[in-house]
Amino acid sequence: MQIKNVFNTARRNTSSTLLLIIQAALTIAILANLVSMINNRLDEMDRPSGIDESVLLKINLYHFGQDFRGDEVLNNDIEVLKQLPQVESVTRTNQVPFDGSGSSGTFSNKPFEEEGGLRSQTAFYRVDENFAETMGLKFVAGRDILIEEKTDLIEAQGDYELHEAVVITSQLAQALFGRVDVVGENVYGMGFTGRVVGVVERLETPWPKWMDASRSLYWSRTANNAPFQRIAVRLTDSANVEEAIQAIEKTIYETYPDRVIQRLETYPQIRARHFSIDSALIFSLTLVLGMLIAVVSLGSIGMATFNVERRTKAIGTRRAIGATKSDIVIEFLTESGMILLAAMVIGIPLAMLLNWQLMAMFSVEQLSWGYPVAVGIALLVLSLIGILYPAFKASSIAPSIATRTA
């Protein structure tokens with residue numbers, strides 16, 4: 001009986017009912033894509049780096065002394081900094097995950113002159129023997145690079161060294177060899193041959209938005225004499241970060257005064273800097289999302305209130321012929337629910353169509369069917385909650401109102 005009354009009401013008010021359905025369908029399509037974009041951005045910002053971020057500091061140093069000798073000065077830095085009670089270990093590296101600055105190249109499972117090899121863009125870390133320990137890398141196969149496997153920079157040829165012991169990530173191993181246990185295999189770059197001695201679970205590149213952001217490798221070599229150098233410091237679990245930073249800065253300048261600390265950051269600061277645009281975008285999208293939900297909710301309540309006023313005499317008539325208060329409430333809830341269900345039927349494919357257009361124009365992620373379904377259900381629940389007050393107001397209309405003239 002309730003459904004029949006709802007259909008009769010909709011037939012008498014076809015234009016307003018269709019407008020409500022179209023409005024809700026468009027809202028579902030837009031909200032579903034907004035929620036998907038927000039979640040994708042959050043997932044990107046929260047992606048694991050493979051390192052112990054909570055206890056790491058990254059320090060960029062610029063040396064201007066005429067007598068600067070990279071390996072000598074940095075090795076001394078490492079030994080002196082390790083004496084601080086707040087410091088557990090120190091490593092020299094040309095880059096760190098998510099920093100936005102570093103080196104990359106194309107690597108293959110076969111020499112470049114041979115055909116049929118698999119290739120991958122790969123970030124390469126040039127480090128010292130303390131790298132894995134300091135960064136907290138987890139090995140899934142093989143071992144770390146030994147001290148005696150470090151290359152002397154003087155013996156290096158060009159930008160790349162020949163026949164190095166290398167450690168690669170499991171993602172790079174899968175890309176080049178189709179498996180993780182690749183210890184003993186060779187990887188090849190331009191003028192470079194590396195023998196894989198270990199595989200780590202994860203070591204992100206400095207560029208998290210890069211297509212191959214989890215494909216990295218590292219090898220160990222002595223430092224060059226370039227004025228710009230980068231080190232990473234692992235603090236003890238009990239260290240006070242602010243006190244540790246003050247002690248590290250003081251020690252660095254005392255050890256070799258002819259330099260400046262260009263940037264000293266914790267990993268929360270590195271992430272905040274690198275993902276600042278994403279954070280601003282998420283804030284904007286969330287604001288739009290909230291405004292759309294508020295508009296739709298207020299619109300549903302306003303339309304329900306309008307219908308109560310417009311159908312006051314009809315409701316009074318129904319009460320006069322025996323309809324109970326609960327019948328009136330259920331009728332309004334059923335009417336709202338059927339409009340939202342019809343909107344979901346239109347809104348879900350519309351959301352997918354909108355997503356395909358966004359994918360083509362802005363390279364957004366593909367939308368899962370679950371998003372428009374979840375958004376539709378959420379709007380249905382919100383609408384039913386919002387319409388309760390007008391529905392109860394309608395149910396309180398006295399039967400005697402039907403006998404009154406306009």
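Here are some questions and answers about a predicted model of a single chain.

User: Where is D71, and what separation do the C-alpha atoms of D71 and S400 have?
Analyst: D71 sits in helix α3, which covers residues 70-81. Leaving out residues up to four places away in sequence, D71 touches R92, T222, A223 and N224. S400 is 329 residues from D71 along the chain, and their C-alpha atoms are separated by 96 Å.

User: Are α2 and α8 roughly parallel or roughly antiparallel?
Analyst: Helix α2 covers residues 14-45, and helix α8 covers residues 276-310. The two pack at an angle of about 155 degrees, with their axes 10 Å apart. Angles over 145 degrees count as roughly antiparallel, so α2 and α8 are roughly antiparallel.

User: Is the crossing of α2 and α8 left-handed or right-handed, and how do its contact residues divide by class?
Analyst: The crossing of α2 and α8 is left-handed. On the α2 side, the contact residues include L20, I30, L34 and R41, while those in α8 include D278, L285, L292 and M303. By class, the contact of α2 with α8 divides into 18 nonpolar, three polar and three charged residues.

User: At what angle do α2 and α11 cross, and what does that make them: oblique or roughly antiparallel?
Analyst: Helix α2 and helix α11 have axes that come within 8 Å, and they cross at roughly 120 degrees. Roughly antiparallel needs an angle over 145 degrees, and roughly perpendicular runs from 65 to 115. That is why α2 and α11 are oblique to each other.

User: Which residues of α11 meet α2, and what classes are in that contact?
Analyst: α2 passes α11 in a right-handed crossing. From α2 come T27, I28, L31, A32, V35, S36 and N39, and they meet Y371, P372, V375, G376 and L379 in α11. By class, the contact of α2 with α11 has eight nonpolar, four polar and no charged residues.

User: How do α8 and α11 pack, and is their crossing left-handed or right-handed?
Analyst: Helix α11 covers residues 370-386, and it packs with α8 at an angle of about 40 degrees, the axes being 9 Å apart. That makes α8 oblique to α11. The handedness of this crossing is right-handed.

User: How many charged residues does the contact of α8 with α11 have?
Analyst: In α8, I293, V296, S297, S300 and I301 meet L379, L382, S383 and G386 of α11. By class that contact has five nonpolar and four polar residues, and the number of charged ones is no charged residues.

Definitions and conventions
Residues are numbered from 1 along each chain as its sequence is written. This is a predicted model: local features need pLDDT of at least 70, side-chain atom pairs count only at pLDDT 80 or more; totals for chains, interfaces and linings use all residues. Side-chain values use heavy atoms; hydrogens and water are left out. Axes are lines fitted to C-alpha atoms, for helices over the stretch in contact, and angles run from 0 to 180 degrees between N-to-C directions. Helices (H or I, at least four residues) and strands (E, at least two) are DSSP runs, numbered from the N terminus. Angles under 35 degrees count as roughly parallel, over 145 as roughly antiparallel, 65 to 115 as roughly perpendicular and the rest as oblique. A crossing is left-handed if the near helix is turned anticlockwise from the far one by less than a right angle, and right-handed if clockwise. Contact means heavy atoms within 4.5 Å. Ala, Val, Leu, Ile, Met, Phe, Trp, Tyr, Cys and Pro count as nonpolar, Asp, Glu, Lys and Arg as charged, and the others, Gly among them, as polar.
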